[in-house]
Amino acid sequence: MHQPHYAVTGVASGIGAALAAQLLARGCRVTGFDVRPPVDAAFPCHALDLGDLGTIDQAVGQAAGPFDGLCNNAGISPKPGHEAAILTINFFAQRAFTRALLPQLAPGASIVNMASRAGARWRESIEQVKRLAALDPRDVVAFVRDERIDAVRAYNLSKEALIAWTLAESEVMTARGLRINAVCPGAVATGLLADFAAAFGEAMARNVARAGRPGQPEEIAAIAAFLLDPQSSWLRGAEISPDGGMSAFATSDALGLAALRL
């Protein structure tokens with residue numbers, strides 16, 4: 001009987017750790033990648049510094065595929081002064097890592113990109129998204145300067161680009177016999193939650209209050225695990241938002257849908 005094998009980045013904590021635990025509990029194999037691999041992991045875990053794109057091929061070369069799926073989960077939060085790193089790690093490195101791992105993806109494999117509700121307005125920002133996507137990653141510092149991008153905008157833009165890239169790749173991946181989807185969580189109670197609270201301030205606090213609480217890593221991981229599983233085979237190029245209703249609340253407000261309520 002085939003034992004599914006999945007690659008997960010950012011596996012040492014938060015959603016990545018929860019996803020690895022859920023996959024292992026289902027009898028799957030996991031190969032992890034993280035900038036600080038856990039020393040006591042119950043699965044192979046390789047060092048991967050997504051801030052240095054030159055290290056990606058080395059990390060992938062150490063991994064023993066084939067893989068039935070990949071979850072691009074690693075990322076960093078919107079801390080001031082880290083704008084170039086945010087764009088590099090949250091977008092360019094996800095794309096580069098996926099490209100490097102493609103030869104090791106088995107037929108029918110699923111790619112899951114961990115985006116964010118913060119990227120929901122990608123359509124409105126599409127021209128800037130395209131400029132970013134066409135950029136040589138070595139020029140990202142100049143891009144941040146020229147476009148006057150602060151940490152919050154860098155984070156939002158990185159996730160907008162990740163979502164748009166997911167959609168752009170969907171038909172190409174389908175032709176390869178693969179699938180690609182994006183998960184776009186709202187606030188999640190990980191070790192980075194305080195960074196997001198500081199960056200997004202009252203807007204995030206209000207959304208969490210309306211939802212009743214932030215999400216839990218295990219809840220987001222369950223969505224990613226489903227997208228990795230062949231049971232979700234007809235989901236391709238989807239944006240899935242496990243956010244406790246935050247997107248629905250915002251859309252209802254914007255469109256004045258209160259009049260439709262019971």
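Arg148 sits in the loop between α5 (140–146) and α6, in a model that is predicted. Its phi is near 50°, a positive value in a residue other than glycine. Arg148 counts as exposed at 78% relative accessibility, where exposed means over 50%, buried under 20% and partly exposed in between, with a 1.4 Å probe and protein chains only. For context, most residues other than glycine have a negative phi, and most peptide bonds are trans.

A quick note on how to read the values: residues are numbered from 1 along each chain as its sequence is written, and side-chain values use heavy atoms, leaving out hydrogens and water. Local features need pLDDT of at least 70 and side-chain atom pairs count only at pLDDT 80 or more, while totals for chains, interfaces and linings use all residues.

**Backbone**
- Gly65 and Pro66 are joined by a cis peptide bond, with omega about 5°.
- Pro66 lies in the loop between α2 (56–62) and β4 (67–72); helices (H or I, at least four residues) and strands (E, at least two) are DSSP runs, numbered from the N terminus.

**Helices α3 and α6**
- The axes of α3 (residues 83–101) and α6 (residues 151–175) come within 8 Å and cross at roughly 15°. That makes the two helices roughly parallel, a label for angles under 35 degrees, with over 145 roughly antiparallel, 65 to 115 roughly perpendicular and the rest oblique.
- Axes here are lines fitted to C-alpha atoms, for helices over the stretch in contact, and angles run from 0 to 180 degrees between N-to-C directions.
- Residues of α3 including Phe91 and Arg95 meet residues of α6, among them Tyr155 and Trp165, with contact meaning heavy atoms within 4.5 Å.
- The residues of this contact of α3 with α6 divide into eleven nonpolar, four polar and three charged.

**Helices α7 and α9**
- Helix α7 (residues 193–211) packs with α9 (residues 246–255) at an angle of about 105°, their axes 9 Å apart. The pair is therefore roughly perpendicular.
- Asn207, Val208, Arg210 and Ala211 in α7 meet Met246, Phe249 and Asp253 in α9.

**Cysteines**
- The count of disulfides is zero, a disulfide being a pair of cysteine sulfur atoms within 2.5 Å.
- The sulfur of Cys45 has its closest cysteine sulfur in Cys71, 14 Å away and too far for a bond. Cys45 counts as buried, at 19% relative accessibility.
- For the sulfur of Cys184, the closest cysteine sulfur is also in Cys71, at 12 Å, too far for a bond. Cys184 is buried too, with a relative accessible area of 3%.

Key
Nonpolar A, V, L, I, M, F, W, Y, C, P; charged D, E, K, R; others polar.
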